[in-house]
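Open the model in your viewer and keep the selection panel at hand. The tour moves from one selection to the next.

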Amino acid sequence: MAGNPLRLKSLNHISLACRSLEKSCDFYQNVLGFFPIRRPGSFDFDGAWLFNHGVGIHLIQSGDPDNMPKISHINPKDNHISFQCESMATVEKMLKKMKIEYIKSRVEEGGIYVDQLFFHDPDGSMIEICNCDNLPVIPLADQHDMTRIVRSCSLLNCTKSCPEATAAANSSTTAQAVLLQMTVLQQQQLS
């Protein structure tokens, strides 16, 4: 089945059970920059809603915090939430300052590098911070099926230095802008 059969619009929130609502709220606000938002008062369990970066984090106080899974070693292959950042160096400096244990990783694809930092929230949920927008989103769909081509995360970077991509992004379809960006990246790799 192709397309968008459920007519989804966007990711709304991620819900996480926590041992300590207070510690988790502190982490998501003071480390990741989320801010609290109104939560319906009709809920019959403790929790908090936070928002930033275009997504909500819904924290739910565990009814049995002692039986939550133990925090394991940091493994980038575990389930995780990933956030893009402006500066990997700044993130790493701040994690060191906050004494948050992390591991570094680097992915290379066609001469493009993506740096990643992985760490845990207070309950062991994995967080990734990356510069993933360096890597274009290249659809696996047939090139001729323009309705299935998705917007490239790195289009923003391309438009900063490429007037043709800026014009395509502003006056044409997303698919055309993505194709133009892929062409520009290929040309940059050849020169």
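Leaving aside its neighbours within four places in sequence, which residues is Glu92 in contact with? Select Glu92 and find out. This is a predicted model. Beyond those sequence neighbours, Glu92 touches Tyr102, Lys104 and Leu117. Glu92 sits in helix α2. Its relative accessibility is 16%, so Glu92 counts as buried; the cut-off for that label is under 20%. Now show the side chains of Glu92 and Lys104. They are joined by a polar contact of 3.3 Å.

**The whole chain**

Zoom out and colour by secondary structure. The chain holds 5 helices and 8 strands. Starting at the N terminus, the elements run β-α-β-β-β-β-α-β-β-β-α-α-α. Of the 191 residues, 34% are buried. Among contacts with a separation of 6 or more, 52% join residues 24 or more positions apart.

**The open sheet**

Next, select β1, β2, β3 and β4. They form an open sheet of 4 strands in the order β1-β4-β3-β2, with mixed pairing. Look at the edges. β1 and β2 (35-37) stand there with a single partner strand each, so one side of each has no neighbour in the sheet. From one strand to the next, the twist averages 35 degrees.

Keep β3 and β4 in view. Their pairing is antiparallel, over 6 bridges. Pick Gly47: its bridge partner in β4 is Ile60.

**The largest nonpolar core**

In soluble globular proteins, nonpolar side chains tend to be buried together. Here, the largest nonpolar core has 25 residues. Select Tyr28, Leu32, Leu59, Phe119, Ile127 and Ile129, the members that touch the most others. Elements giving two or more residues to this core are β1 (13-18), α1 (21-30), β3 (47-52), β4 (55-61), β5 (80-84), α2 (88-97), β7 (112-120) and β8 (126-130). The largest share, 4 residues, comes from α1.

Where to stop last? Centre on Phe119. Neighbours within four places in sequence aside, Phe119 is in contact with Phe27, Val31, Leu32, Ile74, Leu95, Ile100, Glu101, Tyr102, Ser125, Met126, Ile127 and Ile129.

Definitions and conventions:
Residues numbered from 1 in each chain as written. Predicted model: local features only at pLDDT ≥ 70, side-chain atom pairs only at ≥ 80, totals over all residues. Heavy atoms only, no water. Core = buried A, V, L, I, M, F, W, Y, C linked by side-chain atoms within 4.5 Å. Buried < 20%, exposed > 50% of the residue type's maximum accessible area, 1.4 Å probe, protein only. Contact = heavy atoms within 4.5 Å. Pairing = 2+ DSSP bridges. Axes fitted to C-alpha atoms, helices over the stretch in contact; angles between N-to-C directions. Polar contact = N/O pair within 3.5 Å; in protein donor to acceptor, adjacent residues only side chain to side chain.
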